[in-house]
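Hi there,

Here is the structure I promised to pass on to you. Have a look at it first, and then read my notes below.

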Amino acid sequence: MKKPPASTTPTALRQAFAEATAWLALACGVAVGGAALAQGTAARPADVAGSAPAPAATSTPAQAAPAAPTAAQGPRPGDPAAGATKIASCIGCHNISGYQASFPEIYKVPKIAGQTAGYIVAALAGYRKGERKHPTMRAIATTLSDQDMADIAAYYEQLGKQGAQPVPAKPAREPSPQVAKLLAQANCASCHGANYAAPIDPTYPKLAGQYADYLYVALKAYQTDNNRYSGRNNAIMMGMARPFTHAELKAMSKYLAELPSELKTVQQTQFR
Ligand code: HEC
Ligand code: HEC
């Protein structure tokens, strides 16, 4: 992992990370601050395959894979300290506030600090298996062993807890009557928690405080079928998202994003 010297200025740091992740940005269509750096290359997996392991090559350990192949008995419980040494390829996107992805549209890269560890593992496994089709995350997930995923997830979960305020058990603000009706219609709280920050299962996500534009893209992904490069196949959420119009998904996303939770983007400049 590339650790910049502690004396480095934030600007120099940003630049160093920008360089370190430039290949990713170019290959995968992710742009800083919405700059149209790599737009147009996003949907072509040939670009991804050119500089990163092909999404389908789950059994081939990539050059970049930092850990030994997973033992037959499965991963040990996630170790945050081990995870901290394995996130070099994540921070260039997930640890820059407001960093934007340009595929399948422009939206903010999701907050993963403070997310439930079980869900982070489930999401990464979904990309590796191809149930989640986002090409960049698929290419990245194929470089991770089960142990890497467990460690990285443990690391990001505790990262959100540092300095966090307790999250109220009930939503801190009431939705508009329109949004309240939509949320009640599919009983979203029954799985994601009354405050949308306390999911009933550790493999389910916190939604409160996530970026609104990302929530909207994620919800639309569950409506997207028969597309090789975008969409998500989770059976539960496909059923949940299907009945809604895009405008309705957007209204729910906007409300959920305004609620408090432990989800956050921890800036790379806070890393030593
Ligand atoms: C090039 C930018 C980029 C890099 C590097 C990157 N990600 Fe992502 N990540 C994204 C984007 C964009 C998404 C949203 C994809 C989608 O729409 O499904 C995402 C989604 C995720 C999700 C799912 C979040 C959710 O709420 O469902 C997890 C977990 C995740 N990334 C973890 C990682 C980890 C761990 C690493 C490093 C090993 C990493 N990412 C590296 C851009 C990146
Ligand atoms: C029966 C349980 C259940 C219900 C009800 C439910 N969800 Fe989910 N939700 C899940 C699970 C499980 C996932 C993870 C799916 C995956 O792995 O892709 C999820 C994922 C999501 C995500 C993706 C989060 C991310 O970080 O990528 C969003 C957004 C979401 N749900 C919103 C909603 C909304 C809005 C409703 C109500 C309209 C709802 N959910 C109802 C179980 C549920």
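Which helices each supply at least two residues of the shell around ligand 1? They are helix H2 (22-28), helix H5 (91-94), H6, H7 and H11. Helices here are DSSP runs of H or I with at least four residues, strands are runs of E with at least two, and both are numbered from the N terminus.

Before going further, please note that this is a predicted model, in which local features need pLDDT of at least 70, side-chain atom pairs count only at pLDDT 80 or more, and totals for chains, interfaces and linings use all residues. Residues are numbered from 1 along each chain as its sequence is written, while chains are lettered from A and ligands numbered from 1 in the order in which they are written.

**The two ligands**

Around ligand 1 there are 24 residues, of which Cys90, Cys93, Ala101, Ala123 and His134 come nearest. (A residue is near a molecule if its C-beta atom, placed from the backbone, lies within 6 Å of it.) Ligand 2 has 23 residues around it, and Ala186, Cys188, Cys191, Ala218 and Asn234 come nearest. Its shell draws at least two residues from each of helix H6 (117-129), helix H10 (189-192), helix H11 (212-221) and helix H12 (235-241).

**Helix H6**

Buried residues of H6 include Ala117, Ile120, Leu124 and Tyr127; buried means that 20 or more other C-beta atoms lie within 10 Å of the residue's own, exposed means 12 or fewer, and partly exposed is in between, with C-beta atoms placed from the backbone. The buried residues of H6 pack against helix H7 (135-141) and helix H8 (146-161), where contact means C-beta atoms, placed from the backbone, within 7 Å. Just after H6, glycine 130 takes a positive phi of about 90°.

**Backbone details to look up**

Most residues other than glycine have a negative phi, and most peptide bonds are trans. Where do the exceptions sit? The peptide bond from phenylalanine 103 to proline 104 is cis, with omega near 0°, and proline 104 lies in the loop between strand E2 (100-101) and strand E3 (107-108). Asparagine 187, in the loop between H9 and H10, has a positive phi near 50°. This asparagine 187 is exposed, because there are 10 other C-beta atoms within 10 Å. Asparagine 226 has a positive phi of about 55° and is found in the loop between H11 and H12. With 5 other C-beta atoms within 10 Å, asparagine 226 is exposed too.

Enjoy exploring!

Terms used. Contact = placed C-beta atoms within 7 Å.
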